[in-house]
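Please find below a colleague's note, arranged as numbered points, to be read with the structure in view.

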Amino acid sequence: MRRRQDGAPVRTTRTTRLLTGALISVLALTGCGTSGAKGDGPAPAAPVDRAEPLAARDIAAPHLPATVDSADGRRVEVASADRVVPLTGSLSEIVFSLGLGGHVVARDITATFEQAAKLPVVTRAHDVSAESVLSLKPTLVLADTETGPAEAIGQIRAAGIPLVVVAPAKSLADVGRRITTVAGALGVPGAGRKLVARTEQRISAVREGVPAAPDGSKPRVAFLYLRGSAAVYLLGGAESGAPSLLEAAGAVDAGAQSGLRKDFTPLTSEALVKAAPDALLVMRKGLASVGGVDGLLKIPGVAQTPAGLDRRIVSVDDGVLLNYGPRTDQVLKSLVNQLYQGSK
């Protein structure tokens, strides 16, 4: 998903970016869920959607020029970070978390957290507008390998703007790499190391608190991608991006374990029966698009699963579920809170 919203998610196409990066809005430490335990528990109040910058003592001024490796095989010379345009919400969040949000002059449609919300948008639907980017006279543009269209990226580069491409994240192991790459491009490698350390420490703290079942069993969780307005219902597999999070939360990705090797497959009663999930993981906007939990249970096969019978639905805000960035600990905390409500 080139950054990434409404439509069927296929990670190497426009719909792919619709999922991992057009995932919009953000999550709080206490989670944002509905009914992770049996029955319909009350949904927590929506958290404030904000990036969390480093402590003032850890924020550094950019030390440039710097030459960095771009994920598309180029070596890019960055001379200034005065006017930065991150072309995904996840990359925007990293820049703001490094304490350099004041250098950001635009956002893409997926950067909806509070500090970025009033910045001009340089995407049309989910495609980058090269004209809009260039009109802001950026000194650095950050993209990832799923940002597009390719023509727009080429147009920005042809104008002489340094453009650094960051490889997308698909698991917890990618968090530190992405932060390090962005920090290097901004000329603040030391701040990058501090943000990596903070993020990894917080993720580790959440993982240490995951309850363990006395019999060693783990909840089976199926990740569903839902867009009711487009009649898109998909079941996540091994490449969806969710297995790493679910594993860290002490769960099993039911789709992947049932043999789904790709990212997503059409949701069918047969696939659900084979996956036999104890809980369903969905994005909040997707859940709303099918009419909430009651509407979800009307999709063929859902009500017959153990998760459907128990109405055990875990929901996470679209904007951070698969971002794998500075707030991934909050996503993980939300998953754990919802999966183990009532656990000792």
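1. Which residues in H2 meet which residues in H5? Ser90, Leu91, Ile94 and Val95 in H2 meet Arg178, Ile179, Val182 and Leu186 in H5, where contact means heavy atoms within 4.5 Å. The two helices pack at an angle of about 65 degrees, with their axes 10 Å apart; axes here are lines fitted to C-alpha atoms, for helices over the stretch in contact, and angles run from 0 to 180 degrees between N-to-C directions. Six nonpolar residues, one polar and one charged make up this contact of H2 with H5, with Ala, Val, Leu, Ile, Met, Phe, Trp, Tyr, Cys and Pro counted as nonpolar, Asp, Glu, Lys and Arg as charged, and the others, Gly among them, as polar.

2. A word on the basis of these values. This is a predicted model, in which local features need pLDDT of at least 70 and side-chain atom pairs count only at pLDDT 80 or more, whereas totals for chains, interfaces and linings use all residues. Residues are numbered from 1 along each chain as its sequence is written, and side-chain values use heavy atoms, with hydrogens and water left out.

3. For the chain overall, the secondary structure comes to 13 helices and 13 strands, these being DSSP runs (H or I of at least four residues for helices, E of at least two for strands) numbered from the N terminus. Of the 344 residues in the chain, 59% are buried, that is, under 20% relative accessible area, with exposed meaning over 50% and partly exposed in between (1.4 Å probe, protein chains only). Among contacts between residues at least 6 apart in sequence, 66% join residues at least 24 apart.

4. Helix H2 (residues 89–97) is mostly covered, since nine of its nine residues are buried, and the buried residues include Leu91, Glu93 and Phe96. Their cover includes strand S3 (84–86), strand S6 (140–144), strand S7 (163–166), H5 and H6. After H2 comes Gly99, whose phi is positive, near 90 degrees.

5. Helix H5 (residues 175–186) also packs with helix H6 (residues 189–208), at an angle of about 160 degrees and with their axes 8 Å apart. That makes H5 roughly antiparallel to H6, as angles over 145 degrees count as roughly antiparallel, those under 35 as roughly parallel, those from 65 to 115 as roughly perpendicular and the rest as oblique. On the H5 side the contact is made by Val175, Gly176, Ile179, Thr180 and Ala183, and on the H6 side by Pro189, Gly192, Leu195, Val196, Thr199 and Glu200. By class, these residues divide into six nonpolar, four polar and one charged.

6. H6 has a further partner in helix H13 (residues 328–339), with an angle of about 10 degrees and axes 8 Å apart, and the two are therefore roughly parallel to each other. Arg202, Ile203, Val206 and Arg207 of H6 make the contact with Thr328, Asp329, Leu332, Lys333 and Val336 of H13. The classes here are four nonpolar, one polar and four charged residues.

7. Ser204 lies in helix H6 and is partly exposed, with a relative accessible area of 36%; Ser204 and Asp329 are 125 residues apart in sequence and 8.3 Å apart in space, C-alpha to C-alpha. Asp294, placed in helix H11 (residues 292–296), counts as partly exposed at 47% relative accessibility, and Asp294 and Arg311 are 17 residues apart in sequence and 8.9 Å apart in space, C-alpha to C-alpha.
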